[in-house]
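Student: I'd like to walk through this model with you, a few questions at a time. Can we start with the ligand site?

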Amino acid sequence: MSASLTLPAPAKLNRMLHIVGRRYDGYHELQTLFQIIDLNDRLTLSLREDSEIQLATPISGVANEDNLIVRAARLLQRTSGTTKGVTLSIEKKLPMGGGLGGGSSNAATVLAGLNQLWQLGLSCEALATLGLQLGADVPVFIHGHSAWAEGIGEKLTTVALDTPWFVIIHPSVSVSTPLIFQDPELTRDSRPITMARALQGGVSEWRNDCEAIVKKRYPLVAEALDWLAQYAPSRLTGTGACLFATFESEKDARTVAELAGQCWPTWVARGLNTSPLQDALGC
Ligand SMILES: C[C@@](CO)(OP(=O)(O)O)[C@H](O)COP(=O)(O)OP(=O)(O)OC[C@H]1O[C@@H](n2ccc(N)nc2=O)[C@H](O)[C@@H]1O
Ligand SMILES: Nc1ncnc2c1ncn2[C@@H]1O[C@H](COP(=O)(O)OP(=O)(O)O)[C@@H](O)[C@H]1O
């Protein structure tokens, strides 16, 4: 086996997101459709002779000890009892704290990649359960498919979604996930729906229960969303700040992206139903 692995860590969008309750520990019960998209960070994991865990490419603004890449590796080393080590490096493209799940995806790629590199033989369920300790979005990236998610995002059912083109923009503000979930005005009593009902809804009916609060607290998000919605159905992903508009054709997406790019960091991405991490490693 090769002593080094280079693997993608893709982003996700929440095509719809309902908040249906709040748990005793303060976490919120969600119903959401996660879609993996073809926008990736890339991680390289190289086996070491010693048992150190080293991050060769620190991320500006995130202390190495807090970095989900390092935390995932440490968690797996501790729970598996392995004496093997790793040097990790990342080519970071995904904006941080944007609702694209980049940090969680990095953690999932490290868990799945090290499971192989360290020859641990853990099941995907075991990796997803471990990952949940690092973030509510980690299990879907281990799962590796577009999914209907319930609970806090860990009860996953694979679904096949349409695979449109998205224009994704990042209004230049940072939205705090805990702050949005603490807001007294947040809708947290949406009526639970079935997965079949959610899938029937489609772009015209899908909504994100966090959107109203995020727009109210962050006027720059409201302004960017109003602008984007002129061109195509548009909404917030997760707790933001990223927004996405849905297009059937790549050409239309690129035309709008060119305009958006004059005001905000902008990406064009295609919806996927299987993650490139899943393609690379299987589950
Ligand atoms: C809401 C979602 C939807 O995808 O949005 P984004 O963070 O991607 O925007 C995620 O589930 C977020 O997942 P993640 O970012 O991993 O959240 P965590 O680190 O686990 O939690 C950050 C904080 O958000 C709150 N939180 C998070 C998830 C949840 N279901 N209920 C909550 O109340 C908690 O206060 C928690 O302390
Ligand atoms: N490897 C990492 N990549 C991105 N963010 C990280 C990482 N490690 C820790 N973080 C922290 O996690 C927070 C959430 O990151 P991210 O998952 O990218 O966003 P979101 O949860 O909004 O989709 C960031 O603001 C950052 O402080």
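Student: How do the residues of the shell around ligand 2 divide into nonpolar, polar and charged?

Tutor: Keep in mind that this is a predicted model. The shell around ligand 2 holds 18 residues, and the closest are Leu68, Gly97, Gly102, Gly103 and Asn106. Gly counts as polar here. The division comes out as six nonpolar, one charged and 11 polar.

Student: Which helix gives the largest share of the shell around ligand 2?

Tutor: Two helices, α1 (68–80) and α2 (102–117), supply at least two residues each. The largest share is four residues, and those come from α2.

Student: In which sense does β2 run against β4, and how many bridges join them?

Tutor: Strand β2 spans residues 28–48. One place to look is Ser46, which stands opposite Thr87 in β4. The two strands run antiparallel, and the bridges joining them number seven.

Student: And what is the handedness of the crossover from β3 through α1 to β4?

Tutor: Strand β3 (residues 53–55) pairs with β4 in the parallel sense, over three bridges. Gln54 stands opposite Thr87 in β4. From β3 the chain passes through α1 to reach β4, and this β-α-β crossover is left-handed.

Student: What does UniProt place at residues 206–258, and how much of that stretch is helix?

Tutor: The record, an unreviewed entry, has the feature "domain: GHMP kinase C-terminal" there. The C-alpha atoms at the ends of this stretch are 26 Å apart. Strand makes up 15% of residues 206–258, while the helix share is 51%.

Student: Zooming out, why can the protein be called as compact as a globular protein of its length?

Tutor: There are 10 helices and 10 strands in the protein. For 283 residues the globule rule gives 19 Å, so the protein is as compact as a globular protein of that length, with a radius of gyration of 19 Å.

Student: Last one: what percentage of the residues in the protein is buried?

Tutor: Along the principal axes, the C-alpha atoms fill a box of roughly 55 × 45 × 35 Å. To be buried, a residue needs 20 or more other C-beta atoms within 10 Å of its own. Of the 283 residues, the buried share is 43%.

Technical notes. Residues numbered from 1 in each chain as written. Chains lettered and ligands numbered in written order. Predicted model: local features only at pLDDT ≥ 70, side-chain atom pairs only at ≥ 80, totals over all residues. Near = placed C-beta within 6 Å. UniProt positions renumbered as here; feature names shortened; annotations may be inferred. Pairing = 2+ DSSP bridges. Right-handed = clockwise from strand over helix to strand, strands pointing away. Rg over C-alpha atoms; globule rule 2.2 N^0.38 Å. Buried ≥ 20, exposed ≤ 12 C-beta atoms within 10 Å, placed from the backbone.
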